[in-house]
Amino acid sequence: MSTTKAHIKISKLIYKEKTDLLNESESDILNAWKHESEENRSLYERLVQDLDLDSKKKEYNQIDSEQAWKKLEPQLKTETKVRTLFKEFVRYAAILILPLAIGGYLVYNAIDSVETYDEVWVDNITPGTQKATLILSNGETIDLEDQQNQLIKTTEGDQLKNSDHKLSYDREHLAEMSTKWHRLVVPKGGEYQLQLSDGTQVWLNSDSELKYTDRFIGEDRIVYLKGEAYFDVAKDKEHAFIVQTNRMDVKVYGTEFNMMAYDDEELTQTTLVEGSVGVHLKNESGIVEKMMLEPNMQVAYNKGALKGELRTVKTSLYTGWKDGRFQFNDEDLGSIMRKLSRWYNVKVFFQNPSIQNIRFTGEMKRFEDFSTILNLLELGSNVEFEVKGDVLIVNQKI
């Protein structure tokens, strides 16, 4: 999106806000723009303080745009000069006048030479939903989305509760046999919640899988993760809870943490919210490093360099997805688009690989329309988008 387009868009949103026509999605875009910089916030405050709709309506009614153009045209001797002057005109008209237009009368409609503003509109791409598949040790598969608010009796003899997009294991309703391995698989464009037999709560993100036993017997409570999950582990000082991934194992006795271990991510991360955890970093040969985490700390393990970094972080940046928010703080566009591609189930193509290094800071709702997400990113970074089917093409602004 060009700078001119951005100014026109923001001007329209301010106008709609002041005339009570702003919807929730548009409010998110306007708020993101205001918080993008001190300059934007100051400009917004000046505009709303000076707003006088009645007087501006009269001013607009008195404008004769055709006559104004006839007076201006003889002074414009070259194509370059025309383009430059009109860009400057639209920029300031958009910022200072457009928000005050009444009844949708916009100055760029009166001048054919002004570039029309086009928002990104996407109808066929929708946010993710609560869906998952349960795979039993005997190979039976159960579509949990199709069996909402039901008691599920498995062929293995277990009785499970599937209610409000949450699968629950109750030890009193599990078959009296040896433990059985189950897998909960969440596809792209999905998320799901799970309560294990010990009471541990697990939130699984898109394109993720958790392998676990229907009941925990023995010294440790062991689960295997691919993808991303948030754990609220039931306290049990006698039996450690261990999450294993290809590159990192986490050992706790009762705490809350987020763990990300996607195959297409260079980093495997564990972010601690409360309590304490022990982390073992490993390669194909075994454990290479051990670390202890305290609240608000994260260990990020680079799979290529086989090196872990311990750092203090704002945990909501890594756990906000569980609560329905995307939060980015100076995050590169490559990482952001991988997250969006999993949640909206789209393929992303960068016209130039270097675009992935563009940084973005902002917050948006996870269940927001895809169009709104893209418009927020266009406003906050030097990119623009094109959607073809389920493919999102990312270009750098010219």
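User: Why is Arg247 called buried in this structure?

Analyst: Buried is the word for a relative accessible area under 20%, exposed for one over 50%, and partly exposed for anything in between, computed with a 1.4 Å probe on protein chains only. Arg247 has a relative accessible area of 17%, which is why Arg247 counts as buried. The model is predicted, so local features need pLDDT of at least 70 and side-chain atom pairs count only at pLDDT 80 or more, while totals for chains, interfaces and linings use all residues. Residues are numbered from 1 along each chain as its sequence is written, and side-chain values use heavy atoms, with hydrogens and water left out.

User: Where does Arg247 lie, and what is Arg247 in contact with?

Analyst: Arg247 sits in the loop between strand E12 (241-244) and strand E13 (248-252); strands (E, at least two residues) and helices (H or I, at least four) are DSSP runs, numbered from the N terminus. Contact means heavy atoms within 4.5 Å, and, leaving aside neighbours within four places in sequence, the partners of Arg247 include Thr268, His280, Glu284 and Tyr301.

User: What makes H2 roughly parallel to H9?

Analyst: Helix H2 (residues 24-34) and helix H9 (residues 370-380) have axes that come within 10 Å and cross at roughly 15 degrees. Angles under 35 degrees count as roughly parallel, over 145 as roughly antiparallel, 65 to 115 as roughly perpendicular and the rest as oblique, and therefore H2 is roughly parallel to H9. Ser25, Asp28, Ile29 and Ala32 of H2 make the contact with Thr372, Asn375, Leu376 and Leu379 of H9.

User: Which handedness does the crossing of H2 and H9 have?

Analyst: A crossing is left-handed if the near helix is turned anticlockwise from the far one by less than a right angle, and right-handed if clockwise; the crossing of H2 and H9 is right-handed.

User: How do you know that E8 pairs with strand E9?

Analyst: Two strands pair if DSSP finds at least two bridges between them. Strand E8 (residues 190-195) is joined to strand E9 (residues 201-204) by four bridges, the two running antiparallel, and Tyr192 has Leu204 in E9 as its bridge partner. Their hairpin has five residues between the strands, and within it Gly199 takes a positive phi near 100 degrees.

User: What makes E8 mostly covered?

Analyst: Five of the six residues of E8 are buried.

User: What is the largest nonpolar core made of?

Analyst: A nonpolar core is a set of buried Ala, Val, Leu, Ile, Met, Phe, Trp, Tyr and Cys residues joined through side-chain atoms within 4.5 Å. The largest one has 41 residues, and Leu167, Tyr212, Phe231 and Phe257 have the most contacts inside it. Strand E11 (residues 221-232) gives the most to this core, with four residues. Apart from it lies another core, of 34 residues, among them Phe328 and Phe350.

User: How many bridges join strand E14 to strand E15?

Analyst: Five bridges join E14 (residues 256-261) to E15 (residues 267-274), and the strands run antiparallel. Met259 is partnered with Thr270 in E15.

Methods
Axes are lines fitted to C-alpha atoms, for helices over the stretch in contact, and angles run from 0 to 180 degrees between N-to-C directions.
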